[in-house]
Amino acid sequence: MDSNKVDFKQVIFFSGAFIAFLIGSGFATGQEIMQYFVAYGFMGIVGAIVVFLLFLYVGISFITTGYERKFPKPNDIYTYYCGKTIGKFFDYFSILFIYLSFIVMIGGAGATLNQQYDLPVLIGSIGLAVLAGVTVMFGLIKIIDVIGKVGPVICVMAILLGISAIIMNPSGLGKAAQIIPNLDLLSASSNWIFAAGSYVGFCMLWLAAFMSTMGATAVNKKTASFGAIFGALGFSAGVIVMALGLMVNVEQVEGSLVPTLILAGNIHPGIAVIFALTVVAGIYTTSVPLLWTVSSRIADEKSSKFKSATIILAIIGTFVALNIPFDRLVNIVYVINGYVGILLLALMIIKSIRNVVGGKKNENNRDGGSLETNVR
């Protein structure tokens with residue numbers, strides 16, 4: 001029988017992996033924060049709070065279901081929530097989207113190193129692809145160990161950057177509400193609530209298979225739940241603070257492929273140099289589990305076929321990323337797939353309601369059966 005004692009070391013690793021998985025090129029560069037939150041002004045901050053609440057539900061559901069069910073294949077979680085037919089659709093669709101997201105990571109690495117160090121985009125993109133591919137070959141446990149330690153550090157640095165931006169220009173918050181509607185900002189949707197739903201939607205397609213597999217390694221359900229809770233809290237705090245930091249400097253960061261580097265440069269040029277490496281680290285922590293998810297769908301991670309698939313996927317991804325601008329990659333890949341993710345969220349909620357109702361019926365049947373036995 002599993003102990004109910006919380007393993008705090010595992011909680012840190014799980015929450016760190018949750019955060020690190022989501023802090024990819026879009027968050028670390030500030031590009032997705034601009035499109036999903038800043039573009040809507042202060043209602044975008046309300047959207048970020050909605051995102052936090054949804055992340056709590058989604059994260060706990062994925063990781064505890066993985067702990068309880070211990071699916072033979074990571075993508076079996078879609079069948080659990082959606083049924084055989086729709087589940088198969090999400091199975092194949094999620095793999096395509098996750099791979100497209102990996103391509104976005106490659107593009108983000110190239111754009112970051114190009115903007116800060118004036119290096120050819122080719123160098124950053126190929127470097128990230130090689131580093132991610134090599135890490136994936138070590139397997140899931142090693143991935144959790146690596147990114148679980150890096151993720152919280154990156155999140156803290158992003159929060160500090162956002163706080164610094166606000167402190168250096170506090171009057172910018174008052175002006176942001178008037179300025180933003182007049183700017184031609186690339187946005188994720190026609191309104192903030194759809195943007196928030198789309199944001200959670202595409203993140204869910206990232207998280208489902210990875211978190212359910214991670215949950216299967218938990219020592220108990222309580223530890224798994226706390227890992228998801230702290231992961232959702234840490235990441236959402238980073239989103240809100242970063243969004244506010246970008247809002248106070250919105251005129252300055254408008255049109256930049258990597259807005260966070262401008263915020264860092266406002267503090268000191270040396271900070272921008274350091275933060276550029278932080279951005280690349282954030283991209284790396286997301287690209288690795290994304291690539292692992294696709295490769296593990298093709299072959300068992302201990303097989304030679306797994307390694308071959310990883311290499312081929314990395315090469316193809318690099319080629320595509322080098323031919324499409326980074327900000328367009330974020331807008332096209334994340335937004336379209338986010339709405340498909342919303343459908344998954346709806347099906348998850350329906351499944352949860354059915355589980356609760358079914359549990360109550362079973363409990364009533366047991367109570368009724370016991371009463372009938374006692375009467376007899």
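Tyr 36 is buried, with a relative accessible area of 1%, where buried means under 20%, exposed over 50% and partly exposed in between, for a 1.4 Å probe and protein chains only. The model is predicted: local features need pLDDT of at least 70, side-chain atom pairs count only at pLDDT 80 or more, and totals for chains, interfaces and linings use all residues. Residues are numbered from 1 along each chain as its sequence is written, and side-chain values use heavy atoms, with hydrogens and water left out.

**Aromatic pairs**

- A search of the whole structure gives 21 aromatic pairs; rings of Phe, Tyr and Trp (its six-membered ring) pair if their centres lie within 6.5 Å, and planes under 30 degrees apart count as stacked, over 60 as edge-to-face and the rest as tilted.
- Tyr 36 and Phe 202 form a tilted pair, with 5.6 Å from centre to centre and 50 degrees between the planes.
- This pair links distant parts of the chain, since Tyr 36 belongs to helix α3 (residues 31-36) and Phe 202 to helix α10 (residues 192-215), 166 residues apart; helices (H or I, at least four residues) are DSSP runs numbered from the N terminus.
- Phe 202 is buried, at a relative accessible area of 0%.
- The pair of Phe 226 and Phe 230 is stacked, because the ring centres are 6.1 Å apart and the planes stand at 20 degrees.
- Both Phe 226 and Phe 230 lie in helix α11 (residues 221-247), four residues apart, which is about one turn of the helix.
- Phe 226 is partly exposed at 32% relative accessible area, and Phe 230 is partly exposed at 41% relative accessibility.
- Ring pairs join Phe 18, Phe 27, Tyr 36, Phe 37, Phe 55, Phe 97, Tyr 199, Phe 202, Trp 206, Phe 235 and Tyr 334 into a cluster.

**Charges over rings**

- Lys 70 lies over the face of Tyr 67, 4.3 Å from the ring centre; the criterion is NZ of Lys or CZ of Arg within 6 Å of the ring centre and within 35 degrees of the ring normal.
- The charged end of Lys 351 sits over the ring of Tyr 80, at 4.6 Å from its centre.

**Salt bridges**

- The structure holds two salt bridges, each being a side-chain nitrogen of Lys or Arg within 4 Å of a carboxyl oxygen of Asp or Glu.
- Glu 68 and Lys 221 meet through their side chains in a salt bridge with an N to O distance of 2.5 Å.
- Glu 68 is partly exposed at 46% relative accessible area, and Lys 221 is partly exposed at 39% relative accessibility.
- Arg 297 forms a salt bridge with Asp 91, and the closest N and O atoms are 2.9 Å apart.
- Arg 297 lies in helix α14 (residues 269-298) and Asp 91 in helix α6 (residues 84-117), so this pair ties together parts that are 206 residues apart in sequence.
- Arg 297 is partly exposed at 29% relative accessibility, whereas Asp 91 is buried at a relative accessible area of 11%.

**Nonpolar surface patch**

- Val 121, Leu 122, Ile 126, Val 130, Val 134, Phe 138 and Leu 322 form a nonpolar patch on the surface, with about 590 Å² of accessible area together.
- Patch members have over 30% relative accessible area and no salt bridge, and nonpolar side chains (Val, Leu, Ile, Met, Phe, Trp, Tyr) are joined within 5 Å; accessible areas come from the Shrake-Rupley method with a 1.4 Å probe.
- Phe 138 is found in the loop between α7 (121-136) and α8 (140-168), and Phe 138 is exposed at a relative accessible area of 58%.

Note on methods: Patch = residues over 30% accessible without salt bridge, like charges linked within 9 Å, V, L, I, M, F, W, Y side chains within 5 Å. Helix = DSSP H or I, 4+ residues; strand = E, 2+ residues; numbered from the N terminus.
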